[in-house]
Amino acid sequence: MENNHGKNKRIFMTILVHLFLIILVLIIVLPMCWLFLNSLKTNQEMFRDSIALPAVPRFENWINAWNKGLYNYFLSSLITSAMSIAGILLLSSLLAYGLTRLNLPGSGIFFIIVLGGMALSEQVALVPLFKMIQALGLYNTRLAVVLPYIAFRIPFTMFLLRSYFLGIPKELEEAAILDGATTLQIFYRIVLPISRPVLASAAIVNLNFVWNEFLFANIFLEDRKLMTIPLGLMTFQGDLKSDYVTMLAGILIASMPMVIMYLCMQKQFVRGLTSGAVKG
Amino acid sequence: MKKKVKWSNYLYIIPGLFMVLAFVYVPIITNVVYSFFRLSSYSSSMKFVALDNYRRLFTSDTFPVMIRNNIYYCVISLIVQVGFGTVIALVLESKLVGRMNAFYRSVYFIPSLISLTAVGLMFNFIYNPTAGMLNGFLKAIGQPGLQQIWLGDRKLAIFCIIAMSQWQYTGYIAMLMIVAFQNVSMDYIEAAIIDGAGPIRRAISIYIPLAKEQLLVCSIITVIGAFKLFTEVYTTTSGGPGDASQVLGLFLYQNAFLHDDMGMAAATGVLIFVITVTLSIIQLRITRSGQD
C-alpha cells in the first residue's frame with residue numbers, strides 16, 4: 001500500500017516536471033518557429049496572418065537574403081574571426097606560458113594586471129579607442145576591430161589557459177631540458193600539443209564573442225565590404241525597408257553558424273563558458 | 001639552487017601585456033581624463049570644463065529615466081535569469097528528468113548563442129503591432145483587446161526589451177548552475193537521501209549552499225550586464241519612444257556619435273566604469289577565494 005502510494009506520487013511528480021519543462025521549451029522555440037515560418041512566406045501573407053502556415057514555402061527568400069549581401073557579411077565575419085582568434089590564442093598562450101612556467105620575477109603582478117582587464121567593459125573604452133583608431137589611421141579597416149577584440153579577450157583566455165598549464169606535470173619539461181630543448185621548443189612541442197582541448201574551448205568561446213560582437217564593429221567600420229554579420233544585419237534592415245520576409249530569412253541564416261557549432265561541439269562550449277563566466 | 005633569470009623570457013609576456021595595456025587600460029584611463037573636457041570627434045581641440053560634464057549628466061531629464069531602466073533590467077534579470085534559472089537547473093538535475101535532461105538543457109541554452117543583433121531584430125518583428133507574432137497570437141485566441149503596440153508604448157517598451165533578454169539568457173544561467181551542481185559530490189547527496197531528505201530539502205540544504213559561489217558569480221555577471229546594456233536597446237527601440245527606454249550604454253553611444261558630445265559620453269563611461277568595476281572586484285574576490 002505504502003509503496004504503491006509512493007510510486008504513484010513519483011509518477012505524478014515526473015509528469016508535472018516534464019509539463020513544466022515542455023512549456024519552457026515552447027516559450028523558447030515558438031518565436032524561432034514563427035521566424036522560420038514567416039521567412040518562407042510572401043509579405044502579403046505575413047501581413048494577412050502571421051501565425052498561419054505559408055501557402056507554398058518560398059525558399060527563394062533565403063536565397064534572396066543570401067545574395068543581397070549576407071554572403072559578403074559572412075565572408076567578412078569569417079576573415080575577422082580567423083584573424084582575431086589567431087591573435088587571441090597566440091598572445092594568450094605565450095602569456096600564460098610565460099607567467100606559469102618560467103619563474104619570471106614580477107609574474108604575479110603581471111597576472112593581476114592582465115586579469116584586471118576582464119573587469120573593464122568595452123563601452124568605457126569606446127570614446128578614447130575611437131580617437132586612437134582614428135589617429136593610428138586604422139578607422140574603417142579590419143584591424144580597427146581585430147586589435148580591440150584581441151586585447152579585450154586576452155584576459156579571459158589567459159586565465160583559462162593558465163589554469164590548464166599549471167596542471168601540466170613539471171617532469172615532462174625537465175626531461176626535455178635534459179635533452180637540450182629550449183623554452184620555445186618546450187612551448188610548441190610539449191605545452192601546446194598537451195593543451196589542445198583547452199585551446200579548442202578557448203577558440204570556440206572567443207569565436208562566439210567575435211562572431212556576435214556589435215558595439216565596436218558598429219563604430220569602427222563603415223565600408224560594407226568589412227562589415228561583420230551583426231552589423232550587416234542592421235544595414236540589411238535599412239536596405240530592405242518593408243521587405244520583411246527577406247529580412248526574417250536573413251536573421252535566420254545569420255543565427256545558424258553558432259547554433260550548429262554548439263550542437264557539434266557541446267563539451268568544448270560548456271567547458272569554455274563555465275570556466276570564466278562573462279556575458280554578452 | 002637558484003636559477004638565473006633569462007631576460008629574453010620576458011618576450012613571452014610582452015606582446016600580450018602590451019595589447020592589454022594599449023587597448024584596454026590606456027583608453028579607460030584616457031576616458032577619465034576626457035570626462036573633464038569638452039571635445040568633438042572631428043577635431044583634436046579640447047576645452048577643460050572641470051565637472052561640467054558630470055553636472056550636465058546628473059541633472060539631465062533623461063538621467064533618472066535611464067537609471068530607472070537599468071535598475072528594472074537588473075532586478076528583473078536577477079529574479080528571472082538567476083532565480084528562475086537556478087530553479088530550472090535544480091529541476092533538470094533532479095532524478096525526475098532522466099534522459100530528456102540533455103535535450104531540455106540544449107534548447108534553453110541555444111538563444112544565448114544567437115547574436116544580440118539578430119535577437120533584437122527578431123523581436124522587433126515579434127512585437128510588430130500589425131504583422132507580429134504576439135498580436136497575431138492574441139487575435140487567434142480571441143483576445144484582440146489585449147493587443148498592444150508593445151515597443152511603441154512608452155510604458156511597455158523597456159519591459160518588452162527586458163522580456164526579450166530573459167528569453168535569451170535564462171538558459172545560459174541555468175547551464176552555468178547545472179555545471180556547478182554537477183560538481184557537488186555524490187556522497188553528500190547519497191547521505192541526504194539515506195537521511196530521508198526529499199528533492200526540495202536536498203536543493204535547499206545541499207545544492208544551493210554548495211554552489212553558492214557560482215550563484216554569486218551568476219548574480220554579479222547579470223548585474224554587470226544590466227549596466228552595460230546597449231545592443232538590445234539599440235536594435236529595438238533606440239531608446240524611444242522619446243527617451244522612455246533610454247539606458248546608460250545607449251546614452252553614451254548617442255552622445256559620442258550622434259550629438260558629438262564626447263565629454264558627456266566620457267562622463268557616462270566613468271559612471272558605468274565605477275559601477276561595473278566595483279561589481280567585478282567582488283566577483284574576482286569570490287572566484288579566487290574559492291580556489292585556495
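## Chain B: contacts and overall form

In chain B, 70% of the contacts with a separation of 6 or more join residues 24 or more positions apart. Two residues are in contact if their C-beta atoms, placed from the backbone, lie within 7 Å. This is a predicted model: local features need pLDDT of at least 70, side-chain atom pairs count only at pLDDT 80 or more, and totals for chains, interfaces and linings use all residues. Residues are numbered from 1 along each chain as its sequence is written, while chains are lettered from A and ligands numbered from 1 in the order in which they are written.

Chain B holds 13 helices and two strands. Both are DSSP runs numbered from the N terminus: helices are H or I with at least four residues, strands E with at least two. Along the principal axes, the C-alpha atoms of chain B fill a box of roughly 85 × 75 × 30 Å. Of the 292 residues in chain B, 46% are buried. A residue is buried if 20 or more other C-beta atoms lie within 10 Å of its own, exposed if 12 or fewer, and partly exposed in between; the C-beta atoms are placed from the backbone.

## An uncovered helix in chain B

Helix α8 of chain B spans residues 186-194 and includes B:Asp187. α8(B) is hardly covered: the count of buried residues among its nine residues is zero. B:Asp187 counts as exposed because it has 8 C-beta neighbours inside 10 Å. From B:Asp187 to B:Ser94 is 93 residues in sequence and 15 Å in space, C-alpha to C-alpha. Just after α8(B), B:Gly196 has a positive phi of about 85°.

## The A–B interface

Chain A brings 76 residues into contact with 74 residues of chain B. Helix α1 (residues 2-38) gives the most to the chain A side, with 12 residues. That side divides into 59 nonpolar, 15 polar and two charged residues. Here Ala, Val, Leu, Ile, Met, Phe, Trp, Tyr, Cys and Pro count as nonpolar, Asp, Glu, Lys and Arg as charged, and the others, Gly among them, as polar.

## Domains and core

Chain A is assigned domain 1 (2-38) and domain 2 (72-243 + 255-275), with bounds from an automatic or database domain assignment. Their C-alpha centres lie 39 Å apart.

The largest nonpolar core has 165 residues, and A:Leu95, A:Ile154, A:Ile251 and B:Met177 have the most contacts inside it. Both domains of chain A give residues to this core, so it lies between them. Such a core is a set of buried Ala, Val, Leu, Ile, Met, Phe, Trp, Tyr and Cys residues joined through C-beta atoms within 7 Å. Beyond its neighbours within four places in sequence, A:Ile251 is in contact with A:Leu35, A:Leu233, B:Ala118, B:Leu121 and B:Met122.

Helix α5 (residues 122-135) of chain A has 14 residues and reaches 19 Å from first C-alpha to last, close to the expected 20 Å. The expected span is 1.5 Å times one less than the number of residues. α5(A) kinks by about 45°, centred on A:Pro128. The bend at a residue is the angle between axes fitted to the seven residues ending there and the seven starting there. In α5(A), 10 of 14 residues are buried, A:Pro128 among them.

Helix α11 (residues 229-240) of chain A has 12 residues and reaches 16 Å, close to the 16 Å expected. Its buried residues include A:Leu233 and A:Phe236. Cover for the buried residues of α11(A) includes α12 (244-264) of chain A and α5 (116-126) of chain B. A:Lys241 follows α11(A) with a positive phi, near 45°.
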